[in-house]
Amino acid sequence: MSFVAPQAQDVRQVLSSVMNECSPAASPHVEDAVAAVITVEHDLTYLPDTLRALLRQSLLPRVLVIADCSGSTTEPLYAQFPVDGPARVEVQVVRARGASSFGDALDKALGYARLPGRIRALWLLHDDCRPLDNHCLDELVDTWHSNPTASLLGAKQYDWQGQGLHDVGRYAYHHRTVSLVVDSEPDQQQYDARQDVFAVSLAGALVPMQTMKDLGGPGAWAGTFGQADDLCRRICLSGGRVVIVPNARVAHAGARMSGLRDRNGRAVQPDHPLDASMGPILARERYLLTDFALPWWPLVWLWRVLAALWFMAVDLIGKRPYRALCRLCAPWRILANPAALFTMRRRLTSACHGDPRRLDILQANGQQIRQWRQRRQAFHDQQEHPMLSHLALAHLRQQFLRRLAWASGMTIAVLAALVATHWPLCRAIFSGGAIHAPSLPSSGADWSQLLTAATTSWSWAGGVGQPAVPAPFLLVLLPFALLTGGHVAQAMALMLLAETGLAALSFWALAGVVTRSNPIRVLLGLLWACLAFALGIVDGLQLPMLTVMAFMPAAFAFVFKAVGLYQTEAPVRPKASVQQAALASICFLPVLVAEPQLMLAMIPLFIMAICLVPSHRVMLLLMPLPSALALAPTLVNSLHHANQGLFRQLFADLMIPSTGLTGQPRTGSLGQLLARLLGLDLSALWPVRWRPELWRPATLACCLLVVALLAFITLVLPRALKTARILWSTVLLGLILALISQAVCTGLDETGPVAGSVLPGMMLAFMGLLACLGLLAGRAVHPFSPLAPGHDQVPEGDADRPPLPPAQSSSTSAAAVDGRGTDCQALAGPGSDPGHGRRGGGWSGGASRRTPVC
């Protein structure tokens, strides 16, 4: 083996290493009429495996051309790979710098390569496309010899691991191509009856040189993602044949399609792949537009602009915002390069001289498309939601009923405590009266006036009183007023009853994120609800704080579920969810509009969460957006009048300022703040002398100390370190917010200045401490297993017995066992190929049960 020119350092090192370690297959043959072409970019991750698989073929190409698109090759590089006998495989590394697509790289490589005159076909490969066995090229060449009229021969494509199907040819349907193959489904030879198709992928395809000469090959005008469909369309319309060879199998990683490679051909971190939606969408738009005659283009383009709005809405509902943006921009993006559109259409019309009726068998019909979509949805459901047996479903249903009973009993207990401790108030509510408290403002405003006061400045006494800043809490009162027919007094009463019970249920949800023990969840929910009674929130009818207690734990529960940090007893792996992020945004809205000062703690808290969970930073950044929009009038008013000190309104709420409720502005330590909050007079405790009125604050102080000590243990638990850090960050930020709030003046009363409320910050800290208690309890419930530990082991005497057939989940399913002893469920589905019956099983389209295919 000798190198002529020592260039292309990276490619040369990979090529030299592979050729030195790789030995050819036993007695290989060399096909003098075939040359293989591999395009290479900056990312060389897949190139060694591709070269090894190619050089171990039982039938080797005469020439191997490596098109280097990275620019590191300036002069051609030549080498020889020895095989048994006098034949040699010539290896050429040529430059293809500046190639904009695979077809462009192919054209540049053929311009620099020295191909013998006897080369009659090209075997096209990407650097991330490797043959799966040693007979891939042999099968392609054998099929080519058996079908000399074939203009293009494609291979069956799998994923890089060689397990899931990707492509077995495509058919024409409504100005696009469809594969009728469920992506990543197992290969059961169900598509091996295919032969003539409308389009195949160029990765792993065998292209005769006559096709390149007659049709010009895949040019740069169609783009990387659209060149295969464009070339195959020209072949079919010119009277040629596109043939799929199911026995020729290749593994195609699709690094650019899957976002593992950027536009410049450089590798991307696998845990942070790019979204490559724009390329395929643009390719489909170009293909559709050029499928029509030139006079129809304006109408077709307008139709695609309207369709883009529909597809954008569908993608937004499907939680694909970037893809939705690509859909919206695609009709406008294709206008940026009209020369490519005219070139595609001109090449297509020059090739159209075949009989269009011959293409009927290459087109899919509506029934096949519906069956394909049903099988695809069934496969997707199976991947997202593992199939559960009737025993598992019955167990999970029983667990759900138990949780429902525990949660209902907890809620009833909280409401019963409210009625028992505040019977005069509840009796007034049940008799249709209004609720009154010294610090709770009363109003006879209607629904429209509430909306106006929530978003703009307002004043007391119908405009003649003192003007007040916007009150965003009224946005929370609006739905309750709507339920009571616009009666604000009854809406406040309804809010008191509903949010008292919701406070316990809300913390039940947060505790369920860190533990699945029903008694622990009930205990923590009751403790959270008891804080509303112990700290005077219910006694003083502090509806803003009651709203915070009712929605803040649920908001944090949805945040943990959105990023996949939660516990579950179902046999599924926790995963991130955009729906949970949307619910978290909705729950944060009433919390922040009720107590705007919490926004000052949420901002650093979300920054810390982004640092701890960087893979979901976009989701975490978008969660506070609805709350920020609701608080926009208050924030704008604060900034506009910041020189007048109106930033203090962020520390106020709807309650009337009163020193009896929040005290006077002061600075002090955390111990003094807790003492005042619990009702302990430190100056009167020395000398120590027990008094009957001290039992309540002393009990609260002891309980708080025990909870804090137990919560501190979670910081040393390795199984929940990330969640514990987030919860303790919440505790510290809540305490800091409370210390700041007690020093801010938010108003005046007859005794002097009034301080901001410390309850929002303290409740944020208490929530974190109680959640740490649930975290300390652990999962407490193991995921469901159909067999007890040890029952699934086969006794030694029964080791030679054949395995029992698995339980049938459908009357139409048939059990099978593969060669490795794996239970498989096969379904005999309806045919999905145009003109061909299905040979194997597929995926059922049923919605009630999902049956997998191994």
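**Entry 1. Ground rules.** I am working with a predicted model, in which local features need pLDDT of at least 70 and side-chain atom pairs count only at pLDDT 80 or more, while totals for chains, interfaces and linings use all residues. Residues are numbered from 1 along each chain as its sequence is written, and side-chain values use heavy atoms, with hydrogens and water left out.

**Entry 2. Confidence.** I looked up pLDDT, the predictor's confidence in each residue, from 0 to 100. The protein chain has a mean pLDDT of 82, and 85% of its residues reach 70 or more. Residues 1-8 have pLDDT below 50, and I noted 23 contacts in the model for this stretch beyond near neighbours in sequence. A contact here means heavy atoms within 4.5 Å. Over residues 788-832 the pLDDT also stays under 50. For that stretch the model has 56 contacts beyond four places in sequence.

**Entry 3. Salt bridges.** I searched the whole structure and found 20 salt bridges. The term stands for a side-chain nitrogen of Lys or Arg within 4 Å of a carboxyl oxygen of Asp or Glu.

**Entry 4. Arg 52 and Glu 21.** I looked at the salt bridge between Arg 52 and Glu 21, where the closest N and O atoms are 2.4 Å apart. Arg 52 sits in helix α2 (residues 47-55) and Glu 21 in helix α1 (residues 9-21), so the pair links parts of the chain 31 residues apart. Helices (H or I, at least four residues) and strands (E, at least two) are DSSP runs, numbered from the N terminus. I then checked accessibility: buried means under 20% relative accessible area, exposed over 50%, and partly exposed in between (1.4 Å probe, protein chains only). Arg 52 counts as partly exposed because its relative accessibility is 22%. Glu 21 is at 43% and therefore counts as partly exposed.

**Entry 5. Arg 261.** I found Arg 261 in a salt bridge with Glu 41, at 3.5 Å from N to O. Glu 41 lies in the loop between β1 (29-40) and α2, and Arg 261 in the loop between β13 (241-252) and α7 (278-290), 220 residues apart. Glu 41 has 19% relative accessibility, so it counts as buried. Arg 261 counts as buried because its value is 5%.

Arg 261 also meets Asp 127 in a salt bridge, at 3.0 Å from N to O. Asp 127 is in the loop between β5 (121-126) and β6 (129-131), 134 residues from Arg 261. I noted that Asp 127 is buried. Salt bridges that share partners join Glu 41, Asp 43, Asp 127, Arg 256 and Arg 261 into one network.
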